[in-house]
Amino acid sequence: MHGTTATAQPPASSHRAAKGLIPPISGASSAQAIAKPTAPSSCFNQTGIIALIAFTTNDYYAVGDPICTSPQLYSFWHNGGTLASLAQPALAVSGVAANDLWLVGSSGYIYHWDGTSLTTTSTGLSGAKVQFFSPNDGWANDGQIYHYDGANWNVSGLNNVETFAFANPDDGWAADNSFTSYTSTVITFSHYLSPTWSATQIISGPYQLTSMKMLSATEGWAVGMSYDNNLAAYPLAAHYSGGSWSVSQISNLNSVYMTDVSFATPADGWAVGAQQSDGYNAPLAYHYSGGSWQPVSLPVSAGIVGAVQALAPNNVWAAGSDSNEHGGYVLHWDGTQWFSTTMPIPLSAIDMLSPTEGWAGGYGGFYHYLDGTWQPVFSPAVSYISSISFSSPTDGWAGDQFDLLHYYAACYDYYYDVPSGYWAGNYIFALSCAGVVSGTGNHLFSPSANATRIQFAKMISLARGWPIISPTTATFSDVPPSNPLYAFVETAYANGAISGATAAMCSARGLAHPCFLPNDPISRAQAVSIVVRAYRWPINTSGGPHFSDVPTSNFAYGTIETCYNRGVVSGIGGGLFAPNANVTRAQIAKLLYLATQQLYHFLQIIQ
């Protein structure tokens, strides 16, 4: 809690990079001196600047497209002087210091400036599907299959690949179409058993596969189309089971294009796409259940469903575009029906990391889903995102029509309302780095806002590192499974950190007991009591009472004294604690940081 007593501080951060594909910088940062060009470029004033970053006043770096050179040279400048010419135009520039800048260009080019020299890499990939297992192990396809080892993309030797999927890092499948005509196609299924690929099965027929997912090493699905002699396309499914692939037509609906498939369990899955008629696209969804595929109506009537991901039979996500491709939507299946959220851009890819976090991408950008809200995320100029794959919340890749994009989340997020020197800044940034706290949107943390009971349930669950659970039956009448933070409330309850409101409080709100009152602000006394229970500290009232407004009769006397004796709280000054005052988000950050540091210290001792 905010007070005057000196306490341990987390390591200070001189810069804070944003979580994003290429993190922008907000506010001033101490730029280290580097060698500058001797004279400004004569072309600089005849330039279309594409991107710019500044660390201090009158000290900036820019990339652009000078029109006065022949042949045309793409340039990287510092204060108007040319640092380097670029092989391909850079579309974005960002970094965390003047000697650590990243430039992202077209055609898969990425540049790094270390303060002295510019190094260039090229992924050589475009329009790729991606699947990652860790930051150092992933696969991509742009007609050929590539493997990423953490440093380089290496060609595997497979060509004409339409789609692929891996069950685990050592076991995967790819399908390539030897295409003569729509009615004369040979599909070759190649099997990867580390470290080699081998062609294992060939299926001939008027087939085209567009998407594949492996549930395990022994079962997988792919979807696509089968064609009749009139080139009418019908939905097709390919099933891998019993050591071989088999194909079957899903339905008799024609003029269909299937885009994606995903299974939550071997008995429950989804395939999506669209049907075209007179230039009009109608979105499609098929549900695999009870051993057969059945069409399911959607809450959108026009456009294409481009991607689907099934986390559980009652938690399925899909993304698509409207009929004019001017906007898009995210769909969510709760086990009974689909719900739609309108999005500003057409969407074609989705990757949900959990029920409360995920990513969607499409024409021109990315959106990040966190705790019930989709927010745009800054990215370099992108064209059409065809695939997204995250190995963790902090590391992911996306396949674009022209480039392969790498997302990394810098350790420290930036918040416009947490300026340098803010009293709780280091606590906020440390917990943000650890994924315990997050902002309230648009790079704001709202440090002075009251923390709510449900927000604190999430924070304490993440701070303690408990496995997150999501039971089918809710404990509290006012926190149903549909609540975005439901799983965190259930996790905190299961671990004894929270207990809900009294029967009288529930009754006064017209709620059945037990209730939680999730959106009520949490008081300072309630917060420290939850911390003591969560960290399982024995009650220690030595020397108490230390605060005149927390007598021994107060329900939280023991927990407040315990936290005081551990150096976690210090009061508001004047011998007061203000137990009934609402606790702010900044105060919560300090409380959780100090409590967690004590836990780490204890673990180091016993190890």
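Partly exposed, as the word is used here, covers relative accessible areas between the buried range, under 20%, and the exposed range, over 50%. Serine 446 in this predicted model has a relative accessible area of 23%, so it counts as partly exposed. The residue sits in the loop that links α1 to α2, and its phi is positive, about 55 degrees, even though it isn't a glycine.

Leucine 517 has a positive phi too, about 55 degrees, and is likewise not a glycine. Its place is the loop between α4 and α5. With a relative accessible area of 4%, leucine 517 is buried, since the cut-off for that label is under 20%.

The loop between α4 (503–508) and α5 also holds proline 514. The peptide bond joining histidine 513 to proline 514 is cis, with omega at about 5 degrees. Another cis bond runs from glycine 544 to proline 545, and there omega is near 0 degrees. Proline 545 belongs to the loop between α5 and α6.

Now for the packing. The largest nonpolar core is made up of 57 residues, and Phe456, Ile460, Val531 and Leu592 have the most contacts inside it. Two or more residues each come from α1 (425–433), α2 (453–464), α3 (486–494), α5 (524–535), α6 (557–565) and α7 (585–606). A further core, of 16 residues, lies apart from this one; Tyr227, Ala237, Val256 and Tyr286 are among its members.

Leaving aside residues up to four places away in sequence, leucine 592 touches Leu431, Val436, Phe456, Met459, Ile460, Ala463, Val531 and Tyr535.

As for how α2 and α5 sit against each other, their axes come within 11 Å and cross at roughly 30 degrees. That angle makes α2 roughly parallel to α5, because angles under 35 degrees get that label. The crossing of α2 past α5 is right-handed. On the α2 side, the contact is made by Arg453, Phe456, Ile460, Ala463 and Arg464, which meet Gln526, Ala527, Ile530, Val531, Ala534 and Tyr535 of α5. Sorted by type, the residues of this contact come out as 8 nonpolar, 1 polar and 2 charged.

How values were computed
Residues are numbered from 1 along each chain as its sequence is written. This is a predicted model: local features need pLDDT of at least 70, side-chain atom pairs count only at pLDDT 80 or more; totals for chains, interfaces and linings use all residues. Side-chain values use heavy atoms; hydrogens and water are left out. A nonpolar core is a set of buried Ala, Val, Leu, Ile, Met, Phe, Trp, Tyr and Cys residues joined through side-chain atoms within 4.5 Å. Buried means under 20% relative accessible area, exposed over 50%, partly exposed in between (1.4 Å probe, protein chains only). Helices (H or I, at least four residues) and strands (E, at least two) are DSSP runs, numbered from the N terminus. Contact means heavy atoms within 4.5 Å. Axes are lines fitted to C-alpha atoms, for helices over the stretch in contact, and angles run from 0 to 180 degrees between N-to-C directions. Angles under 35 degrees count as roughly parallel, over 145 as roughly antiparallel, 65 to 115 as roughly perpendicular and the rest as oblique. A crossing is left-handed if the near helix is turned anticlockwise from the far one by less than a right angle, and right-handed if clockwise. Ala, Val, Leu, Ile, Met, Phe, Trp, Tyr, Cys and Pro count as nonpolar, Asp, Glu, Lys and Arg as charged, and the others, Gly among them, as polar.
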